[in-house]
2 protein chains.
Amino acid sequence: MSESSAPQRLASVQNHLQIDACSNEEPRRKTPIESMAEERVKASFNVRDLTYYLDGGEKSTKIREKFMMELERDPTFRMYDMYDVTKDEIRERTMEKFRTIVHYVSAEPVSVFTMRMQTISLIDPGFWTRFGVHYGLFFGALRGSATSAQFSHWVSKGALALNGMVGCFAMTELGHGSNLRDTRTYTLMPGVNIGDIGKKMGRDGIDNGWIQFTNVRIPRTNMLMKHTKISRAGEVKEPPMAQLTYGALIQGRVAMVVDSGNIAKKAVTIAGRYAAVRRQFSSNPHDVQETKLIDYAIHQYRLMPILAMAYAFHFTGVETQKLYDTLMDKLESTQPDDAGLQDTLETLKETHATSAGLKAFCTWSTLNAIEACRQTLGGHGYSAYTGLATTYNDFAVHCTWEGDNTILTLQLGRYLVSCYREALNGKAQPEGVDYLNHLNTLLTQGCAVKTNEGILDFDIIQQAWGVVTANVVKKAGDDFNECLKGGMNPEVAYEECSQSRLAAAKIHSFGYVFRRFVQAVKSAPDGLRPVLTKVCFLYGLYSIEQNAGFFLQYRYFTPSQMDYVRAQVNVLCREVRQEYIPLIDAFNYTDYMINSPLGVYDGNVYEKYFDHVKRQNPVGQPHPYLPLIQSLLRREIEDDEPLEDDDEDDE
Amino acid sequence: MSESSAPQRLASVQNHLQIDACSNEEPRRKTPIESMAEERVKASFNVRDLTYYLDGGEKSTKIREKFMMELERDPTFRMYDMYDVTKDEIRERTMEKFRTIVHYVSAEPVSVFTMRMQTISLIDPGFWTRFGVHYGLFFGALRGSATSAQFSHWVSKGALALNGMVGCFAMTELGHGSNLRDTRTYTLMPGVNIGDIGKKMGRDGIDNGWIQFTNVRIPRTNMLMKHTKISRAGEVKEPPMAQLTYGALIQGRVAMVVDSGNIAKKAVTIAGRYAAVRRQFSSNPHDVQETKLIDYAIHQYRLMPILAMAYAFHFTGVETQKLYDTLMDKLESTQPDDAGLQDTLETLKETHATSAGLKAFCTWSTLNAIEACRQTLGGHGYSAYTGLATTYNDFAVHCTWEGDNTILTLQLGRYLVSCYREALNGKAQPEGVDYLNHLNTLLTQGCAVKTNEGILDFDIIQQAWGVVTANVVKKAGDDFNECLKGGMNPEVAYEECSQSRLAAAKIHSFGYVFRRFVQAVKSAPDGLRPVLTKVCFLYGLYSIEQNAGFFLQYRYFTPSQMDYVRAQVNVLCREVRQEYIPLIDAFNYTDYMINSPLGVYDGNVYEKYFDHVKRQNPVGQPHPYLPLIQSLLRREIEDDEPLEDDDEDDE
């Protein structure tokens, strides 16, 4: 089923429905496959069209499908047993995969190869990262920071072809973070000691290690000198515009925003499909059939907002990637003495702050969503084979690497405070913080709709976020000003108002993501707009409910309007639930990609789960520690107390 | 250091301070050990006294210390390598531990043995659970549900002594939850198939399996018939008061409330100690020394509320255990025809709902706290050796087993709705929901303090929670009544208002935990009360900040009072930070128990971490997959594109 095309899938749905229709005469329980099939006829839209829209066109969808099939058929990329293999085995497979993928580095255009790697990141994030260490960090550092002569030298040694060397990247000193210099080496020289740092929470495919230099001298020519140069006499020459080299930092953050959407889609695919076939209890004791999990209001409330978030993050990822591409175009065409330099620097500042805040916001939210999805599986969620535990462990690192999320959020907060102060001085602010251009009218604005139903309007909800964000940013800015007035230097003042900066950045990100979602809904084909509108409203109102304090604090909504928002979240959960399986199907992940028996396309979760358990834990094997158990259970009891029937205290 | 007594520790602190004093002449960087030592002189209270108060007296502390030392010296319980061992090795060790611990089952009074097992649960939750399967589930089922003759039979076969048999417990059918019957077997008979369900998220020491019966007949005499009886002819006789057997269900939940406090203490010990020695950046570029993480306002805001929560949950655990003990006393002394039956049933209902809600509330909050603590360690938090990743994976199961947290929260919500309806009819409600006895005055009450500073008052904060909880419970009750009026049956009506029930239960639990904390502060010895008061205020105000929407919605606080609450949270974070290391030390976990080089008592985190990495990943070993790497890096390149210097698109 995992390889089936859309028409095959439809035929399969029809099949199940016929079975269902035939058996209509006497009530009987529906099978999981039938329970799933009946969800698919509820779609008000063409699933395939939504897939094309998400992927950015039919052509991209077909390329992704080609990649998924290639991976599934490649024994090197077998994933079904990944939850049982040891760290050493995972490492060995990672090296095997290099051989397959390295071929495509030079054989495919970069845009296509990027899609290939995005597909791989979903199924094997450990390999994806290890590959990224060589090509992103190691080779990327050569490309970005080596002089032309240095670059040629390393390419001729095999750095691009991954021949003769595999790159590593050493950056952090023990007890220190990222404010320190980078070095690299590729073979063990006298005085150089290396070791493995061992087991990690996840992504054990990455062979993180430690390196120690004892009286080692690295030749000056090994220092990459495209930007900063150092002379034989030790004189350092900094580049004229250091900021212009920041692009690479932003790239990793954008990739994590994109990954957040993709992983959220994967998690909600598993939890969502399971909820369509798992039945438990019934409000009516006479029902022959128990109720589907997804038909409980509370289960809808647990999953539908996550589905909405996955859509929101998907569209945010697409837009952030565009923002980044625009920036890179500008950076590549700007020289330090250009007329457009100021504009480029503004774009850089905005993209840097936005991507920092979104990286933190999206990875935090997604990590929580993975765990929430895992918990909706009940006891099954604790099985490694469900996939979500590993997904959690693999994903968690996104919250701390390439900038700790708290620090990145504070960076966005600092940018917002600085924009606010500029806006007060009359300077026009960019689109991302447009609300700062209307402080006079916005700060004290309340929701002016005549009826509660009027709230269900993109413009009103965007205004709500605008008003509240303007206020929390103002709060952070005012706190900062107070500190300055009290005599603190700016750095100390920023520290002092970090809690309000954090709140400002968080609220800003909610509103920002919502705007990206609205934009995507407005640009969607007619046939998709109704369903996406509901999903978008759900994202917007659920986010307001989660942050109700600020909307009431700044009096945008009255308590009674807030009650309406809460009630409407429930209504929207129920409406989105009607076609949530088609909304999930549109993500178009094959069973291989999902790698979870509970998330299979056809809904046959129990048979697939039990098959998986038996395949990975074959019966009839010799017991691994039988002698130990036998010696425990057949031991002579000498020093134990005599057993007495009434000895109940001794449990 | 991990075994050092309190006096030894003090001497050690003095030592470091002298070193520090001697070197005072010229500024130099403090070592991690010195950075930690300077924290310990800040205590305004006697740490040992606080330990005694937490443990319930000096005697309990000494017993716990005896257990910790015994475990540390027992090679069977070696834990330093647990983050690297495979599932099969963990299982084997679990069996080895049985032999040690089984001795104490009959040699120790139950209260002492319970403390021993609580200590073990902190260091090896997998073994703790597996042991609990035999003694809690299997033997407990015999003790609670077997007739006297059946009990004697199984004890004589070795069920208590764990001789000749090791118990298991089969309960859940695939695709079903806990509404189904239990069976048990202990050896493989014809028609019985068993298997392992394989790798889990955590607690791999538990050998969860599956069992399949194919035309197997289990003798009627194997059914435990103390309560429900079945005759040879198949007639079922139910017990007169089935509820009176519910005690066992509650016990597990109480244990998880207690465990939540203990694990939160462990997590914040690791994150808190690391934050006292890890330094990063400085607001002043001329500082010779970087700033401690804990001296950043935002880091205080990340950790101090968790420290406060750990204290809150500790005291809640103690009180919940007492509630449970009271209930069990009543249950054991109540016969179905007693005059006190009604009172016992009320206590049962209250304890059942309270423990269900607290189990969910405390395990959810603690799981989040573990992850939050892990993230404060930055990149180190992703190392398995830090311990928090494993702690997370082990702890996560608490959120779904013995009652899924969402379902349990809804059960508490249902209880609250039912109490609310009783209160409307004039029936007095028990202490846990006392706010329902004052609905007339409470519902519309606002905070009447004259100055903002007046908010810092236990009575005011308790009133705040009372007012808000009364309102959210009323909201759930009113939603329920609306549904009934609309013609729904009660079960459907409860389903329909599940979102407001969930909110009611959550807010109720916050207020409930706060009251338990206040009670413990008021009962504390004079010398401890000032510091505990600050911690308790922090818990109360931080919780209000997190739920600001409800306090503004029901107009208990004005927006300006809410601003004061937010500001005060920061102030309290800073105050508690002053003596947070002594507050952590009072938890009195040895280094062995913490099992994390980043959380060691003396603060020497980097040396211990690096030693640990090298011990677990020895250098100089043959590379496990060197031939694979060699064949990759020395391969013939045939079909790759020729390498070109300007081929930059191909990254």
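Student: How many salt bridges does the structure hold over all chains?

Tutor: This is a predicted model, and over all its chains it holds 78 salt bridges. A salt bridge is counted when a side-chain nitrogen of Lys or Arg lies within 4 Å of a carboxyl oxygen of Asp or Glu. In chain A, for instance, Lys200(A) pairs with Asp204(A), with 3.8 Å between the closest N and O atoms, and both of these residues are buried.

Student: Which parts of the chain does the salt bridge between Asp196(B) and Arg91(B) link?

Tutor: The closest N and O atoms of Asp196(B) and Arg91(B) are 2.6 Å apart. This pair links distant parts of the chain, for Asp196(B) belongs to strand S1 of chain B and Arg91(B) to helix H5 of chain B, 105 residues apart.

Student: Where do the partners Arg577(B) and Asp295(B) lie?

Tutor: Arg577(B) forms a salt bridge with Asp295(B), the closest N and O atoms being 2.8 Å apart. Arg577(B) lies in helix H20 of chain B and Asp295(B) in the loop between helices H9 and H10 of chain B, so that 282 residues separate them. Arg577(B) counts as buried because its relative accessibility is 2%, while Asp295(B), at 38%, is partly exposed. In chain A, salt bridges that share partners join several residues into one network, among them Lys30(A), Glu38(A), Asp295(A) and Arg577(A).

Student: How should I read the packing of helices H10 and H11 of chain B?

Tutor: Helix H10 (residues 297-333) and helix H11 (residues 341-376) of chain B pack at about 155°, and their axes are 9 Å apart. Because of that angle, H10(B) is roughly antiparallel to H11(B), and the crossing is left-handed.

Student: How many residues of helix H2 of chain B are buried?

Tutor: Helix H2 (residues 32-40) of chain B is mostly covered, with 8 of its 9 residues buried; these include Ile33(B), Met36(B) and Arg40(B).

Student: Which residues make the nonpolar surface patch?

Tutor: Ile194(A), Ile211(A), Phe213(A) and Ile218(A) make a nonpolar surface patch of about 300 Å². Ile194(A) is found in strand S1 of chain A and is partly exposed, with a relative accessible area of 43%.

Note on methods
Residues numbered from 1 in each chain as written. Chains lettered and ligands numbered in written order. Predicted model: local features only at pLDDT ≥ 70, side-chain atom pairs only at ≥ 80, totals over all residues. Heavy atoms only, no water. Patch = residues over 30% accessible without salt bridge, like charges linked within 9 Å, V, L, I, M, F, W, Y side chains within 5 Å. Areas by Shrake-Rupley, 256 points an atom, 1.4 Å probe, with all protein chains shown as cover. Helix = DSSP H or I, 4+ residues; strand = E, 2+ residues; numbered from the N terminus. Buried < 20%, exposed > 50% of the residue type's maximum accessible area, 1.4 Å probe, protein only. Axes fitted to C-alpha atoms, helices over the stretch in contact; angles between N-to-C directions. Parallel < 35°, antiparallel > 145°, perpendicular 65-115°, else oblique. Left-handed = near helix turned anticlockwise from the far one by under 90°.
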